[in-house]
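Please read the numbered points with the sequence and the model in view.

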Amino acid sequence: MNSARLRLFILAGMPRTATTFLYQRFLEHPAIFCPYRKETNFFSVNYDKGLDWYQGLYDGIADGQIAADVSPAYFLDELTVDHILSFNSKTPIILGVRPASEWALSWYTQVMTYHRGARPSLEEFCTGYAFQISGGEIWQDFRNGFVSRMIDHYRQAFGDNLLLYHQSAFRENPLAVVNSIEHFVGVPRYFSPENFRNEVVNAGTRRNIGIATYLLSREGFVDAIGRVVPRGLVQAARNAYVAMGTSKKAPPKPSFTAEEIALSKQIFAEDDSWIESLFADTQIQLGSGGAFEVVGGGRRDGGSHD
């Protein structure tokens, strides 16, 4: 398989914008092929493994299917955009967005569920934290408008090959977001009110099996399992793990002190204002700013879950 034959779309983040929920729905879609690992992280910390390694994750893809790469940590790494452009500048990219100060608290809650060693404060996490993923490291410093800068980086790089949805759209009507994604990446509509499962998946306060979470974050373990265990069994095991944190009810909100909430609002004040302005007119839009809405199976564009 070569890059020209691998028809691909990428869900690049942000983390904590229903990416695990979407991965689970993509697994159900007959026209979408997902690798056994939810997060390939190829265009970030795994880029030096080479294209053969990456395309090997999609062995078994059928004619007519599109490959899905769901790697929300792509949003944290500025080099990712250049790597994707080098692969194929026309790759459809999807970016979930939520208010940055709210996002930071949710992201902190999740990462701390598998953090090892002394627990960093929220301030340390936002202003100088080495995030470990797939055997690599992404340095986090979210000051000085990092979130808005990254969103705009994707917008400038991909234009109308980028679809952005606001988290509020997902909370209000997740099926509409999923149908919009189906149309954007060019697959037949599969999900309808009759077969769509609206479940809370991977909430920050979900039930957490410590050893399983830790192992799933270890690149060597995931690679070894992928080499010796059939893909279907690996996927079934992952589905069982995800099911442990699945609920039809909204999860309880994680608790933060008034000081932590105020700190997050202070660090991300510029980002929050920029995001509010970006989504002032539409909750689902193209990278150019044009609205993207699927109505009755058609596309209308133009104009301005944890």
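1. The accessible surface of the chain amounts to about 13,500 Å². Carbon and sulfur atoms account for 51% of that area. These values, like those below, are computed from a predicted model.

2. The chain has 306 residues, and 54% of them count as buried. Its secondary structure consists of 13 helices and 10 strands.

3. Six strands form an open sheet with mixed pairing. Read across the sheet, their order is β2-β3-β1-β4-β7-β8. The edges are formed by β2 (32-33) and β8 (284-286), each of which pairs on one side only. In general, the strands of a sheet pair through backbone hydrogen bonds, in either a parallel or an antiparallel sense.

4. Within this sheet, attention may be given to the pairing of β1 with β3. Strand β1 covers residues 8-11 and strand β3 residues 66-70; the two run parallel and are joined over four bridges. In this pairing, Ile10 stands opposite Asp69 of β3.

5. A further point concerns one histidine, His83, which lies in helix α3 (residues 79-87). Is His83 buried or exposed? His83 counts as buried, because its relative accessibility is 16% and the cut-off for burial is under 20%.

6. Which residues does His83 contact, when neighbours within four places in sequence are left aside? They are Phe43 and Tyr47. As regards Phe43, the side chain of His83 reaches its backbone oxygen at 2.8 Å.

Methods
Residues numbered from 1 in each chain as written. Predicted model: local features only at pLDDT ≥ 70, side-chain atom pairs only at ≥ 80, totals over all residues. Heavy atoms only, no water. Buried < 20%, exposed > 50% of the residue type's maximum accessible area, 1.4 Å probe, protein only. Areas by Shrake-Rupley, 256 points an atom, 1.4 Å probe, with all protein chains shown as cover. Polar contact = N/O pair within 3.5 Å; in protein donor to acceptor, adjacent residues only side chain to side chain. Contact = heavy atoms within 4.5 Å. Pairing = 2+ DSSP bridges.
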